[in-house]
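Take a look at the model first, then read on for the pockets and the cavity.

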Amino acid sequence: MLTKKEEGIGVGVGESKGFKAGMILLLGTLLLLTMVFPNTARAATSVYTISAFTNTSESNMYIYESYNATHYGLLKGPAYTPPANLIRDPSIMKHTDGLYYVVYTTNWSGNTIGIASSTDKVNWTFVRNITLSTPATIAHTWAPEWFKDSNGSLNIIVSLSPGNYENFKPYVLTASGSNLASTSWSAPTELAGIAPNYIDTFIVKTGSTYHAFTKNETTKYIEYATATSLAGPYTFKGTGDWAGWGSWVEGPAVVQLDNGSWRIYFDGYATQKYYYSDSADNFQTWGAKQEIAGLTGLVRHMTVLKESG
């Protein structure tokens with residue numbers, strides 16, 4: 001007969017063996033489920049990255065990240081300072097070579113735009129300046145934006161002025177190769193139907209339709225036009241205060257959210273606030289503008305990149 005002490009030990013050993021057997025069975029079941037249903041073991045999360053300059057510095061770029069496109073945290077700032085002049089209006093994208101690139105306004109006057117690259121969105125390196133040339137005089141070269149077309153071409157949409165900071169028009173230039181450190185670019189082509197005196201043009205494409213959001217520099221509203229070709233002609237679908245965002249706003253940047261709706265970010269520069277607004281019906285109507293918590297009053301003219309992370 002076992003003593004009380006020995007009896008207790010015997011029960012403990014039996015429970016231990018049963019526990020181990022149960023754990024082995026459980027782990028085997030989880031392994032089988034992971035093999036049969038691999039997506040249950042992980043979930044894709046969208047990462048939204050903002051490149052911007054700030055109210056306190058137009059010579060430094062700041063990078064912010066978010067997992068819901070609403071609440072952003074600082075990834076690094078300053079993240080990049082160009083070798084000379086300014087870095088206003090930085091537009092971010094990820095290229096086919098696996099690197100991140102920003103294209104940006106280099107100066108208040110002149111005919112160049114700048115490019116910098118990064119492997120991790122944290123450490124940035126100057127790549128080159130691109131000199132633009134058109135038959136007409138280029139006095140001011142502002143607000144370049146990357147645009148990847150569905151045909152695989154890489155383009156930059158940029159606003160050019162002949163002088164005196166007036167009569168800006170949107171133009172497109174296209175890369176001839178994939179190496180952004182050395183590729184040549186086409187001569188700027190004016191976007192037909194959006195001129196004159198429109199600036200900060202941002203384009204997205206759905207199906208075969210190009211959607212342009214652009215600031216009317218006369219009325220200070222962000223307006224909306226569409227075309228079946230990147231170069232136009234564009235037809236305006238929304239003018240004046242068509243979306244309810246008010247005037248004295250600029251720098252639109254548009255991204256599609258995970259739920260299929262679209263979000264536009266824009267700079268309320270007159271009041272030093274930054275806003276977003278959502279559309280669930282393919283740009284026809286928009287919700288009330290909301291301030292971006294934590295960034296409003298700080299960032300200026302940003303562009304957002306969406307990735308799966």
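A cavity here is a set of grid points where a 1.4 Å probe fits but cannot get out, whereas a pocket is an open set. This is a predicted model, and it holds one cavity of 30 Å³ or more. Let's start with the pockets.

**The largest pocket**
- The largest pocket comes in at a volume of about 510 Å³.
- It has 19 lining residues, and Lys148, Phe202, Val254, Val304 and Leu305 sit closest to its centre.
- Five strands each give at least two residues to this lining: S4 (88–94), S8 (140–148), S12 (198–206), S16 (250–256) and S20 (299–308).
- Sorted by class, the lining of the largest pocket has 12 nonpolar, three polar and four charged residues.

**The second largest pocket**
- Strands S4, S8, S12 and S20 turn up here, each with at least two residues in the lining of the second largest pocket.
- This lining splits into eight charged, five nonpolar and three polar residues.

**The cavity**
- The largest cavity contains about 30 Å³ of space.
- Its lining is made up of Tyr221, Ile222, Gly240, Asp241, Trp242, Ala243, Trp245, Gly246 and Val249.
- By class, six residues of the cavity lining are nonpolar, two are polar and one is charged.

Notes. Residues are numbered from 1 along each chain as its sequence is written. This is a predicted model: local features need pLDDT of at least 70, side-chain atom pairs count only at pLDDT 80 or more; totals for chains, interfaces and linings use all residues. Side-chain values use heavy atoms; hydrogens and water are left out. On a 1 Å grid over the protein atoms alone, a cavity is a set of points where a 1.4 Å probe fits but cannot get out, and a pocket is an open set with protein on both sides within 12 Å along at least five of seven lines; lining residues have an atom within 4 Å of a point. Grid points are joined across faces, edges and corners, and a volume is the space filled by probe spheres set on the points. Helices (H or I, at least four residues) and strands (E, at least two) are DSSP runs, numbered from the N terminus. Ala, Val, Leu, Ile, Met, Phe, Trp, Tyr, Cys and Pro count as nonpolar, Asp, Glu, Lys and Arg as charged, and the others, Gly among them, as polar.
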